[in-house]
Amino acid sequence: QDGALVLPLAQTAVVEVEPAGTMFEVPLDHAGLLYVWARPVDAGPLVLRILDENIVELVVDDGRDDERTCAAWVPARAGGVLLVELLLPERETVAQVEVHLEAAEETLETLAWAGRALQETAEIAALRQGREFAVARPRAERLASELEMLPGASESQAVRAASWGLAQECDLLGALQVAVRLWTRARDFDERVLPQDHGLLRASRTGLARALTSVERYAEAAEIYQGMLAALRPTHPDDQLALRSTRIDLGGALYQLGRPAQARDLLEDVLVTFPAETPENDVVYLRALHNLGATLRELGDLAGGRDIEERVYAVRCRELPADDPDLQDARINFASTLFFSGDLQRAKELFEIVDAELSRTQPADAPALQLVRGNLAITMKYLGDLHGALKIEEEAVVILERMGDEDSLNLGNTRLNLATTLLALGAHERALGLLESVVATFAQTLEPGHADLLRARHNLALALYAVGERERALGVLEATLFF
């Protein structure tokens, strides 16, 4: 307009940038924050500078925080002007650059909530670290409820930043449904503001996918990872960190969905992209091995799974503190393969270590803690301690039923484990009631060939046979064999 460059809000424009740089004005008609991102169309180095109307430099970004994009949030004052300058170091010709402007509206209410939320989240973290879970979780849930009623929250960057930390605390406190809602809010904001392959958007999508995995919504988690891959592939080679990491997460989601062969193929493809000189303690490399070990175990390759899991466990024991969550995951994986390999005593010892560590750091109804206690009970059962296993499983069922999610895979498997213990103790009628409930739930929520559904049907057939219903037992066995 009159020789000046005009950029639309909430749209991506392509502008030509001179080798010496191009500057344009952004008149402001709102109070809050303005987000600016820019990237060369054909890649290459770029520097973004933003100045106020008095030529005071507010921010400089050279793209180091994201491999392709320069970006910054800057304060916006209604009636003011910002100057945005794009510089092309190492260029001698005009280049095309994508530029995007996005507004975040801030009000006194959103700013006040965000400031208080940051302080309260720090206090909640301190309560959690002090094992005051009964105080910490209700505070986190109340703070999240306030956010859901806050006018303008979906347009506020300050709220988005504060809710990120709150979501992480809800994850750790076992307030998993609340965490899903918070991560969804962060993801939705980032999708509106950021380019599809930006690192911050990947982080909020990953946070949401992992929260969905925690509440057993595996298909939705896998869909998110597949969407991330679709956004990354046009601009990222297979050996690039972001693409590797997302493929590893997708492999884990496919394993949880009961598709271990697909998971194995994907994870093996990812591992080929790591250079031979990758150090054994590389975090992403270890995560790929961790997921592959569990997948091989599920496919019946116990020797292959055990070799990988023992390597991961040894490195994490050496590198991580005793209560680190990644070390607990490695112990659980390795212990599970030891169990299926027949090394029951060693498996029990590892499960007991994880139980002790998680009991110090998580509330009693945390899914991870209940899962490891279930594994410990099964191991005790096979070692002949049926009454010890029964005590753990009955306590676990009570805790999980209190959470109110009847379709939970964790609750279903805990009931299934309790039923097998009751069968071994001769309490056939009680076991039968549990198994009929579990099979009915699993038949509605799992794929027909899922290992947990097949195991539940097999044990239902045993219970039916034990109470004299042999025809029904035969029918269930046939359904199990010819699913």
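Helices (H or I, at least four residues) and strands (E, at least two) are DSSP runs, numbered from the N terminus. With that in hand, let's walk through the model.

**Before you click**

This is a predicted model, in which local features need pLDDT of at least 70 and side-chain atom pairs count only at pLDDT 80 or more, while totals for chains, interfaces and linings use all residues. Residues are numbered from 1 along each chain as its sequence is written, and side-chain values use heavy atoms, with hydrogens and water left out.

**The whole chain**

Start zoomed out. The protein chain holds 18 helices and eight strands, and its C-alpha trace spans about 90 × 50 × 45 Å along the principal axes. Of its 483 residues, 52% are buried (under 20% relative accessible area, with exposed meaning over 50% and partly exposed in between; 1.4 Å probe, protein chains only). Contact here means heavy atoms within 4.5 Å. Among contacts with a separation of 6 or more, 65% join residues 24 or more positions apart.

**Stop 1: Gln370**

Select Gln370, which sits in helix α13 (residues 367-382). Is Gln370 buried or exposed? Its relative accessible area is 2%, so Gln370 is buried. Show the residues around Gln370: leaving out those up to four places away in sequence, it touches Ala364, Asp365, Ala396, Ile399, Leu400 and Asn410.

**Stop 2: Asp249**

Next, pick Asp249 in helix α7 (residues 241-256). Asp249 counts as buried because its relative accessibility is 10%. Which residues does Asp249 touch, not counting those up to four places away in sequence? They are Thr206, Arg210, Tyr225 and Arg287.

**Stop 3**

Move to Ala162 in helix α3 (residues 157-173). With a relative accessible area of 1%, Ala162 is buried. Draw a distance from Ala162 to Leu118: the two are 44 residues apart along the chain, yet their C-alpha atoms are separated by 5.6 Å. Besides Leu118, Ala162 touches Trp113, Ala114 and Ala117, again not counting residues up to four places away in sequence.

Now colour the nonpolar cores. A nonpolar core is a set of buried Ala, Val, Leu, Ile, Met, Phe, Trp, Tyr and Cys residues joined through side-chain atoms within 4.5 Å. The largest has 73 residues, and Trp113, Leu166, Cys170 and Leu182 touch the most other members. Click on Cys170: leaving aside neighbours within four places in sequence, it is in contact with Ala140, Ala175, Leu176, Val178, Ala179 and Leu182. Another core, of 38 residues, lies apart from the largest one, and its members include Leu286, Val312, Phe334 and Leu350.

**Stop 4**

Two packed helices are described by the angle between their axes and the distance between the axes. The axes are lines fitted to C-alpha atoms, for helices over the stretch in contact, and angles run from 0 to 180 degrees between N-to-C directions. Angles under 35 degrees count as roughly parallel, over 145 as roughly antiparallel, 65 to 115 as roughly perpendicular and the rest as oblique.

Show helix α2 (residues 133-148) with helix α4 (residues 176-193); their axes come within 11 Å and cross at roughly 40°. That makes α2 oblique to α4. Glu141, Ala144, Leu147 and Glu148 of α2 make this contact with Val178, Arg181, Leu182 and Arg185 of α4.

On the α4 side, look for residues including Leu176, Ala179 and Trp183, which belong to a contact with α5 residues including Leu200, Ser204 and Leu208.

**Stop 5: helices α10 and α11**

Finish with helix α10 (residues 302-319) and helix α11 (residues 325-340), whose axes lie 9 Å apart at an angle of about 150°. These two are therefore roughly antiparallel. Residues of α10 in the contact include Val312, Tyr313 and Arg316, and those of α11 include Ala330, Phe334 and Leu338. The contact divides into nine nonpolar, three polar and six charged residues (Ala, Val, Leu, Ile, Met, Phe, Trp, Tyr, Cys and Pro count as nonpolar, Asp, Glu, Lys and Arg as charged, and the others, Gly among them, as polar).
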